[in-house]
Amino acid sequence: MKSWFASCLVAISLATPGIAYAQKTKVTIYTALENDQLGPFKASIEKAVPEAEVVWVRDSTGVITARFLAEKDNPRADMVIGLAASSLLAFEKAGLLETYKPAGVDKLKEPFRDPKEPYTWTGMDAYLGVVCFNTAEAKGVPVPSSWKDLLVPGLKGKIVMPHPASSGTGYLMVAGWLQTMGEAEGWKFMDGLHENIAAYLHSGSAPCVQAARGERVVGLALDMRGASEKTKGAPIEVIIPKEGVGWEMEASAIVKGTKNLAIAKKVADWGATKEASELYSKTYAIVAAPDVKNTPPNYPAGAEAGMIKNDLSWMAENRDRVLAEWSKRYESKAAPKN
Amino acid sequence: MSDAVQEVPLTGSLVAPRPLRIGERQVGATLVLALCAILVLIIGLPLWALLSKSVENTEGHFVGLANFVTYATTPTLVASLVNSLFVAATTTALVIPLAFAYAYALCRSRIPGKGLFYAAAMVPVFAPSLLSGLALIYVFGNQGLLKSWLMGASLYGPVGVIAAESLYCFPHAMLIMVTALALSDGRLREAAEALGTSRWRIFRTITLPAARYGVISASFVVFTLVITDFGIPKVIGGQFSVLATDAYRQVVGQQNFPMGAVVGIILLVPAVIAFFIDRAAQKRQSAMLSARAVPYSPKPERRRDTVLLILVSLVAFTIVAPYAIAVWGSFVRYWPYNLSLTLNNYDFSTVEPSGWEPYRNSLMLAGLTAIIGTTLIFCGAYLVEKLKAVPHLRAFAHFLAMLPMAVPGLVLGLGYVFFYNAIWNPLGFLYGTLAILVINTIAHFYTVGHITALTSLKQIDSEFEAVSASLKVPFWTTFRRVTAPICMPAILDIAVYVFVNAMTTVSAVIFLYGADTKLASIAIVHMDEAGAVASAAGMATVIMLTAIAVKLLHIALDRLVFGRLQRWRQR
């Protein structure tokens, strides 16, 4: 028994990929970027910082945040890139981020800079919560132009939105309603919306995909997903309701205690360059550098104007309270409704 | 009985084998101790690492039972608990009779195409559980082919969850029951038949009691599998919340590890109950295959075989059809608006940066897990079941072996992070490597393999050991030359089970995979999250085909090689 155990260990160590590049330093980056972004990001970073070899650990925002916090006693990441700013604010609060202000951040748009000292994170791009509306399955329900239009009885059981506790997009929408409508009005609106909700999904883009495929009529989801589903030929309208939409941003930071601090700083510098913003703009319409614009086809008009005045630290500080209230109101009624 | 024989001192001159002076008991005790140490390391400590969080607050201070009080006073709990119990009970009630009839048809009748039917029932095991969710959405979803069959009910809720869980659990139940029914003493039945006993009476008094242990085990396996599964409720549960999705929401949604741990503890309750019922049932189980047993081979019987064939065909079709549709879906350009076929969805590099790399990682993981895991599981089960030394340690090992089934993968995965990534842990170097994935996967799927091995071992009369002992043959020789060969079918079943689950598992490894060790099953989740449903179905299809290929290899091996070893069973 002992001997097979030993030989197994040998087998395992042989199976584990060895260090391939001697002179390059591996920089482990935790990310929630979309899969298809990882290749181009890696290429661009390695071009700007030739001594770095980027290795990604990618998962959804919730999973990667939970994992980072679970590992906090012995961090495995050198950097975090492309994670919701609200998560980074939580890391900052827990003292897990390195203080570093990358070169060139002062040129970026103001909301994309860490407003507080010590400076730890830098914004990359912003994403909004929009309405995907399937016109082929609407069956007479008019295309909404205001959030209130989603409360009509014809949409009962036909709306899906991301679950705010497990999806950043879900939370940014809830936070957006509460900030624009005020607490009392905001909860009243969600009470009404809840009557029409078929399910709270655990992903920020799935609701729009479901609406696009006709599984549902309305999906509240990420702006970019709406545009791309429409471009693929789905019979949907992507709508920015007139009251404005909540938003969040992706940001990057260096992990405190990294063994590769010097290289990580260079990668952080890259994150604040115009080249990096051009890369961000391939997947997000609204990015940190002021002079970069790359609006994708079928992207809703007036999106940047539709962004509400959003207080990220309000979002971070009130998250637990809002989610508890949300859970009290809507999860106790989470019995099957349809 | 064998104790008495072992205690006779070796006289040396009579039988003079190699000097085996270190007693068998000591060797046995050492091995059991080693087994316990391994199980504590791969199951006990990681669980403890997480569960100890349940009495801490999020800052890590000790708060006693405050988290449990908070949880119990949250209205969600009762709803989720009731939902979980309802779904688990319904699925068990649905699956167990069907799986028993199915296994009965495979073992005790002369229907044609048994290998095919066996394979058909195993299809859900071959596919990642996400695929069963996707498959049901393709068939019964709001844009599904057979939506009207639900008569207005929605798939997204208990209906979908029960349907998908039944698909997912059926092979697990069947595997255990086939093992229970496969070995039987033909002499009893022949005697009964010669005495003119009615078939119903034979079934009631011989077949059922013999398979009782399998039925009980299978019921608990199904019940706990359903209660702890979070993949299916997550995909098609809609608003129907269950305990496992609560744990997921607490941990992944709110980074509330203490609350996640509380739910984890609640989920452990069924396993602990299962453990004690199992012990009770075991006391009343006698060995079915005595040293003088003659294997039973069924004779053709038209009426019984026709009825069983119809039943088995229906069940097999119900299982296979949704998956076939999902496979078709993976070739469709844009469901449901553009149904033209394409291979584009299989070019994974468009939606997954490492392309086919995760698939190779999964193969490596599954291969290593099958080899190492099966060896550990079967040897472990042998030590627990057949040794007489250190009964308390063996019971402890058995308890640890029964635990993982009740632990949601998510809870186990987090436990691994907390335990293996702790600064003080000398095993920390394993973290982030393929090794930790292998260890974790073995732990995660330990229980069903353990039960399968036990079920198979229990049916071998302990007289084999007694006779060996009286011949002064040490137990490891008996193990190598008698027990392991007899159990070879069960060992292979375990290996295939572990391999396939390693290919398809998501929940535990999602916290553990490293930059170089992303797995195919995780890639599926990522593709599904990104909305690339067809590619997700495509990768799932590739996994399924791989697993089926392994199964076919298994069958071929069974026929060619072990057919010879098992020939003694036929007359």
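In the predicted model, the contact between chain A and chain B draws on 56 residues of chain A and 58 residues of chain B. On the side of chain A that touches chain B, at least two residues each come from the helices α1 (2–15), α2 (35–48), α3 (61–70), α7 (206–212) and α12 (312–331) of chain A. The strands β2 (52–58) and β6 (197–201) of chain A likewise supply at least two residues each to this side. The most is given by α3(A), which provides seven residues. By class, the side of chain A that touches chain B comprises 25 nonpolar, 18 polar and 13 charged residues.

Within chain A, two domains are assigned. Domain 1 of chain A covers 22–126 + 249–287, and domain 2 of chain A covers 127–247 + 304–331. A distance of 27 Å separates the C-alpha centres of domain 1 of chain A and domain 2 of chain A. Twelve residues from domain 1 of chain A and 13 residues from domain 2 of chain A take part in the contact between them.

On the side of domain 1 of chain A that touches domain 2 of chain A, the elements giving two or more residues are α3 and α4 (85–93) of chain A. Of the elements on this side, α4(A) gives the most, with four residues. The side of domain 1 of chain A that touches domain 2 of chain A contains eight nonpolar and four polar residues, and no charged residues.

Terms used. Residues are numbered from 1 along each chain as its sequence is written. Chains are lettered from A and ligands numbered from 1 in the order in which they are written. This is a predicted model: local features need pLDDT of at least 70, side-chain atom pairs count only at pLDDT 80 or more; totals for chains, interfaces and linings use all residues. Two residues are in contact if their C-beta atoms, placed from the backbone, lie within 7 Å. Ala, Val, Leu, Ile, Met, Phe, Trp, Tyr, Cys and Pro count as nonpolar, Asp, Glu, Lys and Arg as charged, and the others, Gly among them, as polar. Domain bounds come from an automatic or database domain assignment.
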